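These are my notebook entries on one structure.

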Amino acid sequence: MASQDPAALPEGTSRRRPTEDPEKKRESARRWREANREYRAQKKREWNEANPDRRRELNRLSMGRQAERARRRNAKNAKARIWHAENREQERSRSAAFRRERPEKVRQYQRTYKERHPERYRANAVEARRRYVDKNAETVREKGRLAAARRREANPEALRERYNNNLEAERARSREVARRRRRLEKLGLPPRRIQRVYAGDRRANSAAADEFFARVRSVKERGRIAAELPYEVSNIPASVGQARRAYFNAPDLMPEVFPRILALNRLKVQMDRQAQEVLQERPRLLDTHRHRHEARLREEIRMDSIARQLRGRPPLQAGTELERRLVAEVDTDIKRRLNAIRATAIARAQPIISDERQRPAEPDHFGAHRRAATYRDPSTRTL
């Protein structure tokens, strides 16, 4: 075909080739990028070395755009969560209507998701099956019992055949059971009792246990637990009250009664002050323990997670488990110190509350300032 003179072409037209299909252009560009990966990487490295300032500027702009997109996406998701929470029934009705009116499109969505995320699809299917079984436990068990009854009716010798086909394994299991039973009898222990629990109940118990032990407790709650176990301040006040009642109810008021009571009260105040100092020092001890032992605890958590996965259980949450173990070790040290304070106070209180009248009374530093009305009849005193 002869070429046309540009001046003879209609106004607004061009001699360029007609625009290709955008989908074809994208596919062609993708194939070129895959075929020239090394070339593109080399050109990118050369440009980055030749334009470091422009590269940093473009990186800042890209990070800014990415942060802005993330902010808009998070805001949109938060708004959508609020709307779905407020219109739950409406959303369920809309989703049910969509699935009812467009079953082919729903199946296509499911196939696409399964092809893109096979592992996640299988995990979701297993979890959905577990939720259904837990929600309809009795129905599922009844179906299983009926199916087992039909199998027994169709083949009454199935169990015998299975036993004969696995004879060595069954005999080994029987020998192990007999060995364990004889050992328990020799040690004087009761026989082993196995309590069978349904799989749904086991999952619920495991989930409840994991949630309980992984729950993050506040500083106030941890301090209260550390103060309650096994440290009990009430032992000393109980001894003080018992001594006061013994002294005030005595037929003849001993001259060393009031110095002993004052000494017990001073001992209680001192013990409470020392215990409070230990509890107030807990945040500092926690930071120090974290700095010294975080690497060791993380390695232990990693090994424990591997062991849990080998047993078929989910891995540990590293952050939560680290905090739990740090708190446990620090609280153990705190309880040891509190127990030492308690033991020292009890040892010092025993001679004071003993009935040895020959023991010289401690000096009464408040005697010069006590009024005469203080020494009234013991029967009128309030314990």
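I set the exposure terms before looking anything up: buried means under 20% relative accessible area, exposed means over 50%, and partly exposed lies in between, with a 1.4 Å probe and protein chains only. The model is a predicted one, in which local features need pLDDT of at least 70 and side-chain atom pairs count only at pLDDT 80 or more, while totals for chains, interfaces and linings use all residues. Residues are numbered from 1 along each chain as its sequence is written, and side-chain values use heavy atoms, with hydrogens and water left out.

Entry 1, salt bridges.

I counted a salt bridge where a side-chain nitrogen of Lys or Arg lies within 4 Å of a carboxyl oxygen of Asp or Glu. The structure holds 36 of them. I looked up Lys268 and found it bridged to Asp272, with the closest N and O atoms 2.9 Å apart. For elements I used DSSP runs numbered from the N terminus: helices are H or I with at least four residues, and strands are E with at least two. Lys268 and Asp272 both sit in helix H13 (residues 257–280), four residues apart, or about one turn of the helix. Lys268 has 27% relative accessibility, so I noted it as partly exposed. Asp272 is also partly exposed, because its relative accessible area is 25%.

Next I looked up Arg284, whose side chain meets that of Glu281 in a salt bridge at 2.1 Å, N to O. Arg284 counts as partly exposed at 45% relative accessibility, and Glu281 counts as partly exposed at 23%.

Which residue does Arg325 meet in a salt bridge? The partner is Glu321, at 2.8 Å from N to O. Both residues lie in helix H15 (residues 318–353), four residues apart, about one turn of the helix. Is Arg325 buried or exposed? I have it as buried, because its relative accessibility is 16%. Glu321 is buried too, at 10%. I then traced the network of salt bridges that links Arg296, Glu300, Asp304, Glu321, Arg324, Arg325 and Glu329.

Asp333 is in helix H15 as well. Asp333 is partly exposed, at 27% relative accessibility. From Asp333 to Arg282 I have 51 residues in sequence and 9.8 Å in space, C-alpha to C-alpha.

I took patches as residues with over 30% relative accessible area and no salt bridge, joining like charges within 9 Å and nonpolar side chains (Val, Leu, Ile, Met, Phe, Trp, Tyr) within 5 Å. Accessible areas come from the Shrake-Rupley method with a 1.4 Å probe, and for residues only the protein chains shown count as cover. Lys and Arg count as positive and Asp and Glu as negative, with His and the chain ends not counted. I placed each charge at NZ of Lys, CZ of Arg, CG of Asp or CD of Glu.

A positive patch on the surface gathers Arg33, Arg37, Arg40, Lys44 and Arg55. Helix H2 (residues 37–50) gives the most to this patch, with three residues. Arg40 is in helix H2 and is partly exposed at 39% relative accessibility.

Trp47, Leu58 and Leu61 make a nonpolar surface patch of about 260 Å². Leu58 belongs to helix H3 (residues 52–86) and is partly exposed, with a relative accessible area of 32%.

I paired rings of Phe, Tyr and Trp (its six-membered ring) if their centres lie within 6.5 Å; planes under 30 degrees apart count as stacked, over 60 as edge-to-face and the rest as tilted. My search of the whole structure found one aromatic pair. Phe212 is partly exposed, with a relative accessible area of 45%.
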